[in-house]
Amino acid sequence: MEKFVRLTAKACPLALPNLNTDQILPARYLKWPRSAGLGRVLFQDLRYDTDGNERSDFPLNRQVWRDAKILVAGRNFGGGSSREAAVYALYDAGIRCVIAASFGDIFAQNAVKNGLLTAILPEADAAEVATAIAGDPDQLVSVDLERQTILRGNHIYPFAVDPVSRNQLLNGWDDIDLTESNRDRISAFRSEDLKRRPWALPAKA
Amino acid sequence: MREPSTLVDKLWSAHEITRREDGAALLWVDRHFVHEGSFHAFSHMKARGRSIAEPGLTFAVADHYVPTRGREQGIANPEIAAMVRNLETNTSESGITLFGLRDPRQGIVHVVGPEQGLTLPGLLIVCGDSHTSTHGAFGAYAFGIGASEVAHVLMTQTLWQKKPKRMRVNVGGKAIVGVGAKDIALAIIASIGADGAQGHAIEFAGSAIAALSMEGRMTLCNMSIEAGGRCGMVAPDETTFAYLKDRPYAPKGATFEQALEVWSAQVSDPGAAFDRETTLDAGAIAPIVTWGTTPDDALPIDAYAPDPAREPDPVWAKYLREALDYMGIPPGKKLTEIAIDRVFIGSCTNARIEDLRAAAAVLAGRVAKVPGLVSPGSSMVKQQAEAEGLSKIFRDAGLEWADSGCSMCVGINGDIVASGERCASTTNRNFRGRQGPGARTHLMSPAMVAAAAVSGHLADVRPLLAGRAL
C-alpha cells in the first residue's frame, strides 16, 4: 500500500450530506473488475444525466477540478454498503484524501486499506473550506497527516483521524505482514479456544 | 470484584488474540460468509500466492446476483452467469461449502446463516456485506467488511479492528398491533439519525425487544447499519435457544447443553457502563414509512411530507427540497395520498417466514392495485411459505411469487424498479438509485407494503387488520 504523509493539491467541494456508497459507485458496476476502470464511473448517476451527458452543475465536471486530489464532502460520507469498490473508484479517479465531518465506519476502514485518507473536520470548518475553495477553485490545499492539519491560504485547520488509520497510512503498513508476525499467538489462541469453546465449531464440520 | 461488563465487551474480549500499542486488536473470526461479490477478495488472495486458512469456518451463498425468475433455465445474462460461476470455482478450489443456485438451502446469506444454525450466540461473524449486523440478533458480534478485510480473513481467519464505543438502545413498553420490528427500527433511526450510531456497537434491550421473535430481532439488527452502527446485537435468551435447537449446524446433545450455559451468561451485567444510552417507548410508535432518500427520512404514516419553505436552516431546506424533488413528492403532501407503482417484499431485512405471514395476513382475500414481486429470504422459507399456503395468497392477490435472492433490494440481478417509478418496499435502503437508476423507494414493514399494495397508495395497515387473525 502507498504511504500517505502529506499532499498539496486542488480540492473539489462536494458539500452534499449523506453521499453513500451507492452514490459513489452505483451497484451495477460492482461486477466490474478493478482493471475495467472504476474511476470512470465514480459518482456516475450524479455526474451524468440519463443520456450519459455530463451535468454541468456537478463540481467534479468543472474543468478546474478535474485534477483535484482532495474532496471536501458533507457529513456522513460513504455510509451504507460495504463495497470497497467505492474506494477503488475514488482512488482510481485520482482522489487521495476526503475531508468531511463524519464517515461511514466501513468506508473509512476500506479507505485506509487502500491508502485513501479520511480526514475529519468539525462541520463548520468543513463548510468553511468548501465555501472558500468554491470561491477560489484554483487555490491549493495542503493536508499534513503527521501534524494532522489542513492548510488553506493562511488558515490552519486541525483534523481528527483514527490513530490506528494514521499509523497505517504513515507507514504504508500491510495488514497481512503484521498478522504474519503474530502467527504463534494466533495458533496458541486457536488451540486454547478449541478447548474453551468446542460448541463454536459448525456441528457438521 | 470484576467490573460489570457489557455484552459488547464480553464478546470482544473472547476474540482478542493480541493488541497493538495504537489500540488495534487482532480478533479471531468464528464464521466467515462469502457471496458472488467476494471475487475481489479471492483475487487479492491469489495475487499473493496464498490459500485459505480455515475453509471449515467459511460458508458461501449465491444471493446477490442470482435470478429470481426462470432459474430452472439457467442464467441468461452472461455477466451474471460469470459472477455465479466465479463463486463456484473460488469456493470449490478453496474447499468452502457453497449453498449454490440449485442447493435447497440457497437464499440470502443473512437468512441462511441463522436458518442453518451457523449463526450462534457468542460468535464473531463477518461477511463482505454491510447487513452482516443481522446476525447480532443471536448475541453474536457480527459486522460487514470490505474486500481487503475479506481477503485478510480468508488468509488468516483473523481481523485487525479498533474497538467501537458501546451504545445501548432501550425500547420499553409494548408495540401496538400493526407495529413490528421494522417500525421500531425506523423509529430508532429517525430518532438518532442515519449516522447516529457511527463508531458504536449497539445493544438493543428492553421489554419490546425481549418480546420480539428471532425474525423480528434480525430485522432490527439488520437495520443497525442504517443508523450508522458498526454492529447491533440482542442478548440471547430462551427465544434464541429455542430457535437454535436442532438447526443443522448448531451444536447437539452435550455440546449444546454446554453452550447453553455459556450463552446464558452472554448478557450485559447490571451496572455495566455504556458510552451512550437512548430510550424509546414502543407503545408510542405508529407504523412508519420513509418519504426521502435516507432511512432517517422516516415518519409515521399519518404524517405529512416536510415543507422546505417552513425550514429555517437553509442547508437543511436545500436537502429537503432535493430529496422531495428526487422522490417526486410535493412539499407538505399527506403521506397516505402518495400513489405507488409497485411493491416489493423481500431482502435480508424482511423476507423471513414471519414477514411473509404478516404480509399475507393483510393480503388474504384482497387484490393488489399495483404489480409486485415477492422474493422469499431463502429457498427454505419459500418451501415453508408454499406449505402454509402463503404463496397462494400472494398469487391470488396478483403479486408475483419468485425464487430467493437479494433481488430488487439492490437490483443487480436485473430485478429493478424503472426510473421514476415508486415502490413500496420491505428493504433497507431508500438511497437514490438503490433499486435501479431513478427508482423511488419507500421503506416500510411487510404488513405496510401489503397495505400499500391493496390501496394503491401509502396506507395505514391498522384499519386493514380489523377482525383478522394475526
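## A buried glycine in chain B

With 23 C-beta neighbours inside 10 Å, Gly122(B) counts as buried. The cut-offs are these: a residue is buried if 20 or more other C-beta atoms lie within 10 Å of its own, exposed if 12 or fewer, and partly exposed in between, with C-beta atoms placed from the backbone. This is a predicted model, in which local features need pLDDT of at least 70 and side-chain atom pairs count only at pLDDT 80 or more, while totals for chains, interfaces and linings use all residues. Residues are numbered from 1 along each chain as its sequence is written, and chains are lettered from A and ligands numbered from 1 in the order in which they are written.

Gly122(B) sits in the loop between α4 (109-115) and β6 (124-127) of chain B. Helices (H or I, at least four residues) and strands (E, at least two) are DSSP runs, numbered from the N terminus. Beyond its neighbours within four places in sequence, Gly122(B) is in contact with Ala200(A), Leu11(B), Ala14(B), Gly139(B), Ala140(B), Val262(B), Trp263(B) and Gln266(B). Contact means that the C-beta atoms of two residues, placed from the backbone, lie within 7 Å. Ile340(B) is 218 residues from Gly122(B) along the chain, and their C-alpha atoms are separated by 43 Å.

## Chain A in outline

Chain A has eight helices and seven strands. Its C-alpha atoms fill a box of roughly 65 × 45 × 30 Å, taken along the principal axes. Of the 205 residues in chain A, 44% are buried. Take the contacts in chain A between residues at least 6 apart in sequence: 71% of them join residues at least 24 apart.

## Helix α5 of chain A

Helix α5 of chain A covers residues 123-135. At 1.5 Å a residue, its 13 residues should span 18 Å, and its end C-alpha atoms are 18 Å apart, which agrees. The expected span is 1.5 Å times one less than the number of residues.

Which residues of α5(A) are buried? They are Ala126(A), Val129(A), Ala130(A) and Ile133(A). Seen down the axis of α5(A), these buried residues fall within an arc of 100 degrees, so they line one face of the helix. The arc is that of the directions from the helix axis to the C-beta atoms. An α-helix has 3.6 residues a turn, so residues three or four places apart point the same way. On the other side of α5(A), Ala124(A), Thr131(A) and Gly135(A) are exposed. The cover over the buried residues of α5(A) includes β1 (6-14), β2 (70-73), β3 (97-100), β5 (140-144), β6 (149-152) and β7 (155-158) of chain A.

## Helix α3 of chain B

Helix α3 of chain B (residues 78-94) has 17 residues, which should span 24 Å at 1.5 Å a residue; its end C-alpha atoms are 24 Å apart, which agrees. Met83(B), Val84(B), Leu87(B), Asn90(B) and Thr91(B) are buried in α3(B). Down the axis of α3(B), its buried residues fall within an arc of 125 degrees, so they line one face of the helix.

Pro78(B), Thr89(B) and Ser92(B) are exposed on the other side of α3(B). Elements covering the buried residues of α3(B) include α2 (39-47), β4 (58-61) and β5 (97-99) of chain B. Just after α3(B) comes Gly95(B), with a positive phi of about 70 degrees.

## Where the chains meet

The contact takes 45 residues from chain A and 58 residues from chain B. On the side of chain A that touches chain B, α1 (21-24), α4 (105-113), α6 (163-171), α7 (175-180) and α8 (183-196) of chain A each supply at least two residues. Of these, α4(A) gives the most, with five residues. The residues of this side divide into 16 nonpolar, 16 polar and 13 charged. Ala, Val, Leu, Ile, Met, Phe, Trp, Tyr, Cys and Pro count as nonpolar, Asp, Glu, Lys and Arg as charged, and the others, Gly among them, as polar.

## Two domains in chain B

Chain B is divided into domain 1 (7-276) and domain 2 (288-465). The bounds come from an automatic or database domain assignment. The C-alpha centres of the two domains lie 24 Å apart. Between them, 39 residues of domain 1 are in contact with 39 residues of domain 2. On the domain 1 side, α6(B) gives the most, with six residues.
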